[in-house]
Amino acid sequence: MKHHIRKTKLLAEFLCLFQLVHNVCGQNPWTATAAVHQISRAAGSYTTSGTVDGTLDAARFNVNWALCRHSNPDIMFVGTWSGMLRMVNIATNSVTSVVGDPSYAGSSFVAGCGTAAKFQSVGISACVYDGITDTVYLSYGSDIIRVSLETSPACASVAVTNVGSTNGMTFVGRRLYIATSASIRSIDVSTTPWTIVNEAGSGVSGQVDGCGTAATFNGNMGALDSDGTNILWLSLIHI
């Protein structure tokens, strides 16, 4: 399994969401081409934080933490420092809160719909959208939270516990792949109950290439992506 950073369209920063007009992809093997990117703001203020829904400058973010895309290329989801899931429409530069209550001061997740769902601050570390069930999955501590968009307001509930601290998630078919600090795990979301499978890595830190538990990873994986087949791209702090 190769360590590779895949091209990206959107960058989540502390107070704004930025859009890259041009993309550049890494070359094989282990080289990258330099390119000049034109960056435009999709939504948010350059100087003021907050949790206000709105359009472009009127919208406010309180540190964007997780970013994932909808099947509609104009729609992105953002998990924020304030314990909220926000939806950004790139075409209209508008921001809408999906679930979460920025005033919540508790230390554990509370299932619920809209603002009745409660997340601890800095709790949402990764997200991924499932277009089959119209669901956003969130990494929250060592658990995976399911946010169903089929209801209005959307409703959040625990999908599975004790997965491990997750920093990246992606789908290949109906299998959800999860990047923890030293392993890759997967779950077939079409089955009940969910079963967690270790795909690569043993949980022991290292930099060894190999198959299954013989492979080791060193450092938190900041991103995990797929081309929809059997290839995963990983972004690591230490390679």
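**The cysteines and their links**

Guide: Start with Cys 211, which is exposed at 70% relative accessible area. Exposed means over 50%, buried means under 20%, and partly exposed lies in between, with a 1.4 Å probe and protein chains only. This is a predicted model, where local features need pLDDT of at least 70 and side-chain atom pairs count only at pLDDT 80 or more, while totals for chains, interfaces and linings use all residues. Residues are numbered from 1 along each chain as its sequence is written, and side-chain values use heavy atoms, with hydrogens and water left out.

Now the bonded cysteines. The structure has two disulfides. A disulfide here is a pair of cysteine sulfur atoms within 2.5 Å.

Take Cys 68 and Cys 127. Their sulfur atoms lie 2.3 Å apart. The torsion about their S-S bond is about -115°, so this disulfide is left-handed. Cys 68 sits in strand S5 and Cys 127 in strand S10 (residues 124-130). The two are 59 residues apart, and the bond links distant parts of the chain. A strand is a DSSP run of E with at least two residues, numbered from the N terminus. Both ends can be checked for burial. Cys 68 is buried at 6% relative accessible area. Cys 127 is buried at 5%.

Next, Cys 113 and Cys 155. Their S to S distance is 1.9 Å. With 95° about the S-S bond, this link is right-handed. Cys 113 belongs to strand S9 (residues 112-113) and Cys 155 to strand S13 (residues 155-160), so the bond ties together parts 42 residues apart in sequence. Cys 113 is partly exposed at 33% relative accessibility. Cys 155 is partly exposed too, at 22%. Number the bonded cysteines in sequence order, and the pairing reads 1-3, 2-4.

What sheet does S5 belong to? An open sheet of five strands, ordered S4-S8-S7-S6-S5 with antiparallel pairing. S4 (54-55) and S5 (64-69) stand at the edges with a single partner strand each, so one side of each has no neighbour in the sheet. Strands of a sheet pair through backbone hydrogen bonds, either parallel or antiparallel. Two strands count as paired if DSSP finds at least two bridges between them.

Technical notes. Helices (H or I, at least four residues) and strands (E, at least two) are DSSP runs, numbered from the N terminus.
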